[in-house]
Amino acid sequence: MMGTQYNISADTFFDRTDSSKLGKWRNTFFMTSLLLGVLIIGACQQAGPENAASEPKIESPAPPAATPAPPTEMSLFDGKTLGNWKTTDFGGQGKVYVKDGSIYLEQGNDMTGITWAGPLVRMNYEITLEAMRVSGSDFFCGFTFPVNDKYCSLVLGGWGGSLCGLSNIDYYDAANNETTRFVAFENGKWYHVRLRVTPNRIQAWLQEEGEEPLVDMDITGRKIDTRAEMDLCQPMGVATWQTAGAVRNINLRKLTE
C-alpha cells in the first residue's frame, strides 16, 4: 500500500519537470519581449523629434517675376552715337556723323541718309524729331516710316525747297497728291516735326504751323508705298536730296488709344 501510494513513475517525473521548465521559459520570453518593446518605444520617441526636424520643408514655389511692360515712350537717338541708325548705302552718299547732339548728313550725289536697324513699332505710334536744312535747296528731311506692313515717306522741303507731303498715295508722290503743301523753310533753322500713324490715318505737324496738321490723310482703302529712291530707308529712316541736313531729339511714343 505504501509503495503504491508514494510511487511516482519516471515518466510522470519528467513530464512535471518539462512543464516547469516550459513555464519558466515562457515567463522569461514574455519579460524579455516586454522589455525589448519598452526600449523600442523609447528609442522611437527620442528619434521622432530629430527625424521631424531633419526632414526638409516643402515650400511653395515663388510666383514668377512679372515681365516689365515695354515703355510707351523711348528715345531713338542718345545724342552721342548713331546707335541703331546705320548709314544708308545709296551710292554717292555724303558723310554721316554725330556732332553737338545731332546727326549730320552731308550733301550727297544725290542722296544721304540713315536707316533704323532697331526694334520697330508699325502702328499706333507718334514720332517727334527736330530737323534742319544746313545747306542746299531741296528736301532736308525725307522721313520714311512703317504703316503696318507698308511704308510711306513724309517729305519736307522738296522740289525746289518748299514742297511738303506724303510719298506715295495711290502711286502719286508728294508733288502730285492731295497732301501737297508749301512751307518757306530757312537754312540753319530747326523745325519740330511730329508724325502720327493710326490704323486709318497719317498726320504730321510742324511747330511753325501751330496745331493745324501739315498733313491729315485718311488712308482707308488707299495704296501706301514709297518712291523707289526711298526704298533703302525702309523700314524707317531719314534722307536728304542734294542737300545737307541734320536731325536731333528723335523720340517715339506708343499710342494707347
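**Exercise 1.** Determine how many of the nine residues of strand 8 (residues 150–158) are buried, and identify the strands with which strand 8 pairs.

*Solution.* The model is a predicted one, in which local features need pLDDT of at least 70 and side-chain atom pairs count only at pLDDT 80 or more, while totals for chains, interfaces and linings use all residues. Residues are numbered from 1 along each chain as its sequence is written, and side-chain values use heavy atoms, with hydrogens and water left out.

Step 1: strands are DSSP runs of E with at least two residues, numbered from the N terminus, and buried means under 20% relative accessible area, with exposed over 50% and partly exposed in between (1.4 Å probe, protein chains only). On these terms eight of the nine residues of strand 8 are buried, and the strand is mostly covered.

Step 2: two strands pair if DSSP finds at least two bridges between them. Strand 7 (residues 141–147) pairs with strand 8 in the antiparallel sense over seven bridges, with Phe143 opposite Leu154, and in their hairpin, which has two residues between the strands, Asn148 takes a positive phi near 60°.

Step 3: strand 8 also runs antiparallel to strand 9 (residues 163–167), joined by five bridges, and Leu156 stands opposite Cys164. Four residues separate the two strands in this hairpin, and Trp159 in the turn has a positive phi of about 50°.

**Exercise 2.** Explain why strand 12 (residues 201–206) is described as largely enclosed, and locate its pairing partners.

*Solution.* Step 1: five of the six residues of strand 12 are buried, and therefore the strand is largely enclosed by the rest of the structure.

Step 1: strand 11 (residues 190–198) pairs with strand 12 in the antiparallel sense over six bridges; the two form a hairpin with two residues between them, and Thr198 stands opposite Arg201.

Step 2: strand 12 and strand 13 (residues 215–218) pair over four bridges, also in the antiparallel sense, and Ala204 stands opposite Val215.
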